[in-house]
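These are my notebook entries on a structure that I examined one contact at a time. Each entry records what I looked up and what I found.

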Amino acid sequence: MTESIGTGLGNAPYVMLVLYLGLLLVFGILGYRKREADDEEDYFLAGRSQGWVVSSLTIMATFFSSFALLGAPGMVYRDGVVFALFSLNVPVAGVAIYLLGSRIRRAGREGGFLTPADMIAAHYQAPVSLRLLVALVGLLYTVPYVVMQIQAGGIVSQQLFGRDSFETGACVLALITMLYIMVGGMRSVAWTDAVQGGLLVGGMLLAGIAAVWVLGGPAAFFRAVAELPPRSLSAPGTSGRWTPEVLFTASLFASLGSMIQPAQWMRFYAARSSQVLRRSALIFAAVLTLCFFFGVMLVGLGGQVLYPLVDALGNYSYDAAGRVLPHALVGQSAYEFDQILVVVLKNHLPKLMGPLGAVIASLILVAILAAAMSTADSNLHALSALVTHDIYNQFIRPQASQRERVWIGRALIAVVTTLALVLVVIAHRSDSNPLSMIVILGLLAIAFSTQLLPLTVDMLFLKRGTRQGAIAGLIGGIVTIFFLSPFFPMLAGATFGSLLQTMRGMIDTGAWGLVVNVTLFVVVSFLTARTPQRSVAR
Amino acid sequence: MNIFTNTRLLTGLFLLAVFMGAGPGLHLINPDFADPQANFTTLGLPTIYLWGLFWYVIQFGVILIGYRCHWSKQDDD
């Protein structure tokens with residue numbers, strides 16, 4: 001048997017990959033053949049006919065990305081057990097599926113809405129300004145999220161086939177994802193998500209079991225964990241980032257922001273009935289939280305035992321910028337904590353369990369790809385709907401036929417995927433890697449989508465805001481996040497450096513955006529005359 | 001007061017669990033890493049991990065009661 005380059009997994013990863021990609025292709029084609037019409041509603045919302053099995057799995061698969069399978073264990077590996085509490089954002093997201101999702105679904109059906117901007121623009125009667133702003137928020141969420149999924153393809157490939165294969169892995173993941181969305185639209189995306197959702201739930205739990213097994217079972221595992229350095233067993237964690245307040249705001253708004261991002265919003269529209277969303281909410285809260293708590297989070301903790309961050313004297317290693325470094329066998333830079341799951345699997349399972357270990361490790365590695373691809377496909381698909389429906393149809397060619405719109409959507413998917421891939425490759429080749437760790441990038445993307453929360457709550461429940469208030473709040477929120485993001489120092493150097501650092505240390509970036517957003521929304525709505533609105537939600 | 005029928009109580013309990021679990025409530029049990037006498041485990045598990053599990057049980061319990069007893073079925077097609 002020929003060994004894969006750089007791994008001890010034999011040919012198992014190749015076999016698993018071929019099986020997995022073949023299965024995706026089959027489901028992608030089935031989705032295409034099941035299409036009922038060559039129009040926007042069928043391509044973007046699967047004819048609003050999704051049942052609860054597909055809906056719950058596609059909502060899960062869209063929610064759980066490389067953030068869950070690489071980012072979360074990576075963050076626990078860096079910061080310790082405090083980040084395991086981030087799992088508690090999942091039940092909140094489950095409640096949001098019911099509370100927000102079923103109302104969005106009903107309004108979408110009654111108003112014939114296709115994108116979030118349709119509903120918001122109709123409610124506030126702002127067909128141009130708000131539609132463009134909501135599309136911008138969608139773009140600001142989707143692009144970093146797609147970028148981080150493609151990056152995950154590179155990381156897995158690097159671990160499986162050697163350090164030089166990062167770019168090949170990223171390209172393959174991007175290409176295959178792009179192809180099946182272009183062919184089958186929402187139905188293909190949802191069906192492949194269902195396969196991937198099942199795979200990633202299994203993969204997450206299996207990863208946790210594997211980590212515990214490697215350390216000799218639950219009792220031995222937790223005995224070893226109890227010996228970790230004090231910083232790994234308390235808040236704010238090794239890096240000092242996760243104070244209870246930052247953890248609270250990040251996990252609260254991560255769940256809500258993730259549930260009102262464009263791809264999830266469109267899944268609510270696509271659900272056949274509110275019963276579908278009720279069941280999805282329950283399954284989501286039960287299954288996914290357990291996958292986090294008893295799955296991937298344990299990998300991060302086990303990783304700290306197997307690959308300690310401290311030397312024999314209890315000292316951490318730091319880079320020139322003062323950031324904690326992972327164990328040398330895990331990575332060379334402060335951005336490589338995300339590799340811990342793959343390192344644990346490939347270095348320990350085959351030794352412990354022989355060929356079966358190689359198969360299990362390969363299955364989990366394929367689950368990482370599934371997590372990345374299922375999120376990338378949903379986001380790319382939603383992005384193409386946003387740009388085609390909210391910009392091209394409204395402002396460029398309103399007279400375009402349904403067929404033309406679908407083809408424009410497909411072309412956009414190709415363009416955005418290529419753009420995201422180029423960003424990943426450039427960042428990978430740069431010494432400082434501005435895309436940094438997956439969790440950091442993910443939380444930034446979520447911070448942008450969280451800015452839709454005040455509008456959503458007002459539209460569905462309160463119905464007191466005005467168009468001017470909504471616009472002011474949204475702009476204020478987006479600008480605030482930009483100032484607090486890693487991109488501002490790249491442009492402005494150390495301007496306001498200490499102030500921004502202090503703000504970031506107090507609460508999550510998205511929460512700061514929300515504070516500004518809500519304040520402006522309330523004040524401006526109070527000051528401006530209420531325009532007679534067409535309420536979209538009962 | 002019946003916990004199964006009182007929606008305000010259930011909502012309050014859920015919000016409390018959100019606040020306590022992965023939020024400022026953590027200050028109540030978070031061991032000080034600089035204190036050499038600090039105890040970082042309870043029942044053999046890291047204390048803050050156990051704390052998170054406890055509040056998850058509360059959160060999920062509320063969701064289950066909500067699903068069974070309160071979540072509206074009136075807008076089903």
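**Entry 1: a helix pair in chain A.** I began with the contact between α5(A) and α12(A), where Val90(A), Pro91(A), Ala93(A), Gly94(A), Val95(A), Ile97(A), Tyr98(A), Gly101(A), Ser102(A), Arg105(A) and Arg106(A) of α5(A) meet Ser274(A), Leu277(A), Arg278(A), Ser280(A), Ala281(A), Phe284(A), Ala285(A), Leu288(A), Thr289(A) and Phe292(A) of α12(A). Two residues are in contact if their C-beta atoms, placed from the backbone, lie within 7 Å. Sorted by class, this contact has 12 nonpolar, 6 polar and 3 charged residues. Here Ala, Val, Leu, Ile, Met, Phe, Trp, Tyr, Cys and Pro count as nonpolar, Asp, Glu, Lys and Arg as charged, and the others, Gly among them, as polar.

I noted that this is a predicted model, in which local features need pLDDT of at least 70 and side-chain atom pairs count only at pLDDT 80 or more, while totals for chains, interfaces and linings use all residues. Residues are numbered from 1 along each chain as its sequence is written, and chains are lettered from A and ligands numbered from 1 in the order in which they are written.

I then looked up the geometry: α5(A) and α12(A) (residues 274-306) pack at an angle of about 165 degrees, with their axes 8 Å apart. That makes the two helices roughly antiparallel (angles under 35 degrees count as roughly parallel, over 145 as roughly antiparallel, 65 to 115 as roughly perpendicular and the rest as oblique). Axes are lines fitted to C-alpha atoms, for helices over the stretch in contact, and angles run from 0 to 180 degrees between N-to-C directions. Helices (H or I, at least four residues) and strands (E, at least two) are DSSP runs, numbered from the N terminus.

**Entry 2: a second pair.** I found that the axes of α7(A) (residues 129-161) and α18(A) (residues 467-484) come within 10 Å and cross at roughly 25 degrees. This makes α7(A) roughly parallel to α18(A). Ser129(A), Leu130(A), Leu133(A) and Val137(A) of α7(A) meet Arg467(A), Ala470(A), Ile471(A), Leu474(A) and Ile478(A) of α18(A). The residues of this contact divide into 7 nonpolar, 1 polar and 1 charged.

**Entry 3: one residue of α18(A).** Is Gln468(A) buried or exposed? I placed Gln468(A) in helix α18 of chain A, and it is buried because 20 other C-beta atoms lie within 10 Å (buried means 20 or more such atoms, exposed 12 or fewer, and partly exposed in between, with C-beta atoms placed from the backbone). Leaving aside neighbours within four places in sequence, Gln468(A) is in contact with Val524(A) and Thr528(A).

**Entry 4: helix α13(A).** This helix, residues 340-353, has 14 residues and reaches 19 Å from its first C-alpha to its last, close to the 20 Å expected at 1.5 Å a residue. The expected span is 1.5 Å times one less than the number of residues. I noted that 10 of the 14 residues of α13(A) are buried, so the helix is largely enclosed by the rest of the structure. Among the buried residues are Lys346(A) and His348(A). Just after α13(A), Gly354(A) takes a positive phi of about 65 degrees.

**Entry 5: where the chains meet.** I recorded 31 residues of chain B in contact with 37 residues of chain A. The largest share of the chain B side, 10 residues, comes from α2(B). By class, that side has 19 nonpolar, 8 polar and 4 charged residues. In α1(B), Phe14(B), Ala17(B), Val18(B), Met20(B) and Gly21(B) are buried. What covers them includes α5 and α10 of chain A together with α2 of chain B.
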